[in-house]
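This briefing summarises selected structural features of the protein displayed here.

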Amino acid sequence: MLKYLYAQVIFSEIPCEITLGISITGCLIRCPSCHSRELWEDKGTYLTITEFDKLLEENKGVTTVLLLGGEHDIGYLDFLFQHVYGKIKTAWYCGLDFIPKGKEYILEHLNYLKLGHYDAELGGLASSTTNQRLYHIIHEGNSIKKEDITYQLQKKVQNDN
């Protein structure tokens, strides 16, 4: 079972979407330059189906639900995504550099996926040097494709010549 610390409507994490971002606690990745160290602790409210539905009901109008973290219980993350998949777009910000072998099934219930640990020297998704990638997950029949859309979040450098 996962816990979350806060949920908020955000506009910059998934391009062209109004997103309800739910920050999951108990992070075991612990990137050295993490800007959300409060999420390392195992604290907060249990993210039951009832609580998940309540958060979505309280935030009508969002087009995507984004779970930030939760790598320590991918099976439960998938359970939550499966519950809402097809009713609202789903997204997962994963701090791992790849989905662990045998856990790829989570892609079946995702529309967006961010992969990659945070490295301050390389920057986040808005940096052109980032190691992190944001993918649009495309479902075509029985196949699943990942389209890299990281460029949509990266800042445009102005040429002053």
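Cysteine 27 touches Leu39 and Trp40, residues up to four places away in sequence not being counted; contact means heavy atoms within 4.5 Å. The model is a predicted one, in which local features need pLDDT of at least 70 and side-chain atom pairs count only at pLDDT 80 or more, while totals for chains, interfaces and linings use all residues. Residues are numbered from 1 along each chain as its sequence is written, and side-chain values use heavy atoms, with hydrogens and water left out.

**Cysteines**

- Cysteine 27 is found in the loop between E2 and strand E3 (45-46); helices (H or I, at least four residues) and strands (E, at least two) are DSSP runs, numbered from the N terminus.
- The C-alpha atoms of cysteine 27 and tryptophan 40 are separated by 4.5 Å, although the two are 13 residues apart along the chain.
- Cysteine 27 has a relative accessible area of 18% and is therefore buried, where buried means under 20% relative accessible area, exposed over 50% and partly exposed in between (1.4 Å probe, protein chains only).
- The structure holds zero disulfides, a disulfide being a pair of cysteine sulfur atoms within 2.5 Å.
- For cysteine 27, which is in no disulfide, the nearest cysteine sulfur is that of cysteine 34, 6.5 Å away.
- Cysteine 34 is likewise in no disulfide, and the nearest cysteine sulfur to it belongs to cysteine 31, at 6.3 Å.
- Cysteine 34 counts as partly exposed because its relative accessibility is 21%.

**Residues with positive phi**

- Most residues other than glycine have a negative phi.
- Cysteine 16 has a positive phi, near 65 degrees, and is not a glycine.
- This cysteine 16 is placed in the loop between E1 and E2 and is exposed, with a relative accessible area of 80%.
- Arginine 30 also has a positive phi, of about 55 degrees, without being a glycine.
- Arginine 30 lies in the loop between E2 and E3 and is partly exposed, at a relative accessible area of 40%.

**The sheet**

- Eight strands form an open sheet in the order E3-E1-E2-E4-E5-E6-E7-E8, with mixed pairing; two strands pair if DSSP finds at least two bridges between them.
- E3 and E8 are the edge strands, each pairing on one side only.
- E1 and E3 are antiparallel and share two bridges, with threonine 45 in E3 as the bridge partner of tyrosine 4.
- E1 and E2 run antiparallel and are joined by six bridges; tyrosine 6 has serine 23 in E2 as its bridge partner.
- Strand E6 (residues 112-115) pairs with E7 in the antiparallel sense over four bridges, and lysine 114 stands opposite leucine 134 in E7.
- Strand E7 (residues 133-140) and strand E8 (residues 143-148) run antiparallel and are joined by six bridges; histidine 139 stands opposite isoleucine 144 in E8.
- The hairpin of E7 and E8 has two residues between the strands, and glycine 141 in this turn has a positive phi of about 60 degrees.

**Helices**

- Glutamate 51 lies in helix H1 (residues 49-58) and is buried, with a relative accessible area of 13%.
- Apart from neighbours within four places in sequence, glutamate 51 is in contact with Tyr4, Thr45 and Tyr46.
- Buried residues of helix H2 (residues 74-84) are Ile74, Tyr76, Leu77, Asp78, Leu80, Phe81 and Val84.
- These buried residues of H2 pack against H1, strand E4 (64-68) and strand E5 (89-93).
- Glycine 86, which follows H2, has a positive phi near 95 degrees.

**The largest pocket**

- The largest pocket has a volume of about 760 Å³.
- A pocket is defined on a 1 Å grid over the protein atoms alone, as an open set of points where a 1.4 Å probe fits, with protein on both sides within 12 Å along at least five of seven lines; lining residues have an atom within 4 Å of a point.
- Grid points are joined across faces, edges and corners, and the volume is the space filled by probe spheres set on the points.
- The lining of the largest pocket comprises 32 residues, and those nearest its centre are His35, Ser36, Leu68, Tyr93 and Lys114.
- Strand E1 (3-10) and strand E2 (19-24) are the elements that give two or more residues to this lining.
- The lining residues divide into 16 nonpolar, 12 polar and four charged, where Ala, Val, Leu, Ile, Met, Phe, Trp, Tyr, Cys and Pro count as nonpolar, Asp, Glu, Lys and Arg as charged, and the others, Gly among them, as polar.
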